[in-house]
Amino acid sequence: MTMDIFTAQQWQTLLEAGATQPQPLHLADLSRPFVYYRPIGLMHCGAGKHRLAMSILLAFANGCASGVEVGEHLKLDFPDETADRWLEITPGAAFRSSVGRKVQAGKRAHLTMIEKRWLGDIQYLFDD
């Protein structure tokens with residue numbers, strides 16, 4: 001895992017949003033809510049916090065400091081549309097919510113065969 005992809009402040013923002021320190025996909029507990037992002041691994045999230053974490057990741061990718069800021073910048077509703085946008089455009093991304101039975105991902109082509117194998121039964125939310 002590449003821990004230097006974000007600044008210390010960005011990591012702190014993710015932790016304050018309810019995300020855990022990332023761990024490798026193949027070692028992670030997939031039964032708990034999580035956000036997976038290939039460059040860093042899998043971060044577990046508190047119940048209902050996955051959309052916030054995904055919105056923050058979209059913010060960082062767009063040079064913004066928060067999900068609210070990136071929502072304003074991209075003219076998207078925070079956190080639903082910002083989280084959906086991150087999932088739709090980000091290769092190597094998936095999540096499980098606290099109420100979902102399946103892992104969800106943006107596009108089938110955005111995950112490798114190995115990721116698909118490790119993540120198991122996946123529901124894709126956007127067309128390829």
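Reader: Which residues of H2 are called buried, and what makes them so?

Author: They are His50, Ala53, Met54, Ser55, Ile56, Leu57, Leu58, Ala59 and Phe60. Buried means under 20% relative accessible area, exposed over 50%, partly exposed in between (1.4 Å probe, protein chains only). This is a predicted model: local features need pLDDT of at least 70, side-chain atom pairs count only at pLDDT 80 or more, and totals for chains, interfaces and linings use all residues. Residues are numbered from 1 along each chain as its sequence is written, and side-chain values use heavy atoms, with hydrogens and water left out.

Reader: Why is H2 called mostly covered?

Author: Nine of its 12 residues are buried. Those buried residues pack against H1, S1, strand S2 (41-44), helix H3 (67-74), H4 and S3. Helices (H or I, at least four residues) and strands (E, at least two) are DSSP runs, numbered from the N terminus.

Reader: What makes a set of residues a nonpolar core?

Author: The members are buried Ala, Val, Leu, Ile, Met, Phe, Trp, Tyr and Cys residues, joined through side-chain atoms within 4.5 Å. The largest such core here has 24 residues, including Phe6, Leu14 and Trp86. H2 gives the most to this core, with seven residues.

Reader: Which residues is leucine 14 in contact with, leaving aside neighbours within four places in sequence?

Author: Contact means heavy atoms within 4.5 Å. Among the partners of leucine 14 are Phe6, Met43, Leu57 and Phe60.
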